[in-house]
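Work through these exercises with the structure open. Each task is followed by its solution.

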Amino acid sequence: MDFFRSGKQKASATPSVNEKEPVSEPVLVVQKDYKPIIPSPLDDTQQQKLTQLREYINTILLPETDDYYPNEKGFLTDATLHRYMRARKWDYEAAKTMLENTIHWRRDFKPDLLDPNYIKPEAETGKMYWNCFDHAGRPVWVMRPRHQNSKDNERQIKHIVFCLERGIRLMPKGVETIDIIIDFKGALAAHHPSLSTSKKFLEILSNHYPERLGYAFIVKSPWFFLTSFKLISPFIDPVTRSKIKFVVEKKDEKGDGKRDTSELAYLPDYIPEDQIETEFYGDLNFKFDIDIYWTRLLALTGNPHKVIDY
């Protein structure tokens with residue numbers, strides 16, 4: 001950036017961020033030097049509860065003759081059981097109920113078998129897509145509300161779930177969480193999904209994808225978001241609340257002075273700068289192209305589907 005330079009710029013100097021040719025190839029493969037977060041070892045009581053949960057889950061598994069059995073078996077890994085126990089603070093009965101509800105929901109909704117051709121119209125404007133990984137190897141999910149293009153509530157929900165499932169398939173070894181960048185530039189209250197759609201989205205996230213959030217980065221937050229956030233923040237779990245960060249352009253910037261510095265984030269502290277899009281004050285001049293993105297995403301995550309271990 002110009003404020004780091006001195007003297008006259010040479011003709012052979014590296015082009016500035018804004019002068020670089022735009023690229024449309026998304027970053028969907030993690031950098032080699034990522035450093036996943038290593039979970040703390042379990043104590044004897046926690047291990048006993050996990051074993052107990054595994055024994056119960058094995059009694060309600062689909063029969064091997066069921067077409068959906070490989071998908072269900074792949075979902076019910078030890079890592080999944082661990083996430084549900086953490087989400088319920090190691091309360092065995094609460095975790096058991098939560099996981100059993102998810103099992104029944106997945107059998108009915110089949111989130112890993114959503115048809116890409118049905119979902120694609122929702123994705124065409126680039127309102128949600130995956131692009132880049134943070135230093136810990138978490139895939140980054142970019143959301144741009146201003147590109148909202150549909151009033152089909154059912155397909156909106158399925159698009160969100162489809163994205164989550166594909167993001168899980170982009171996770172490299174040792175990674176089980178994602179980051180979200182929500183870019184509110186140019187967004188109006190009218191761009192937001194209906195209240196019923198938003199509630200359904202939050203319900204699915206909290207009940208069926210627990211312990212999947214690394215950080216949520218908010219870019220150019222408008223007044224209506226800040227007002228809502230102020231109202232609901234006292235009711236958000238402190239751990240979850242600490243994961244919500246408001247992006248600043250420069251390191252050590254104080255923002256608008258209305259938030260504690262712990263709520264602010266300079267993205268290069270979290271994500272390699274060459275993978276951060278220019279609109280988020282990084283070096284990647286990315287231009288979304290649905291055909292390039294869709295082809296690349298499906299090639300890596302399954303076309304139409306891919307059974308994995310969660």
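**Exercise 1.** State in which sense β5 and β6 pair, and over how many bridges.

Solution. β5 and β6 pair in the parallel sense, over 2 bridges. Strands are DSSP runs (E, at least two residues), numbered from the N terminus. Two strands pair if DSSP finds at least two bridges between them. Next, take Phe246: its bridge partner in β6 is Leu264.

The model is predicted: local features need pLDDT of at least 70, side-chain atom pairs count only at pLDDT 80 or more, and totals for chains, interfaces and linings use all residues. Residues are numbered from 1 along each chain as its sequence is written, and side-chain values use heavy atoms, with hydrogens and water left out.

**Exercise 2.** Find what pairs β5 with β4.

Solution. Start with the ranges: β4 covers residues 213–219 and β5 covers residues 244–247. The two pair in the parallel sense over 3 bridges. Now place partners. Ala216 is bridged to Ile244 in β5. Phe217 is bridged to Lys245 in β5.

**Exercise 3.** Are the faces of β5 covered or uncovered?

Solution. Ile244 and Phe246 lie on one side. Lys245 and Val247 lie on the other. All four are buried (under 20% relative accessible area, 1.4 Å probe, protein chains only). Both faces are covered.

**Exercise 4.** Give the strand order and name the edges.

Solution. The open sheet has 6 strands, ordered β1-β2-β3-β4-β5-β6, with mixed pairing. β1 (128–133) and β6 (264–265) each have a single partner strand, so one side of each lacks a neighbour in the sheet.

Technical notes
Buried means under 20% relative accessible area, exposed over 50%, partly exposed in between (1.4 Å probe, protein chains only).
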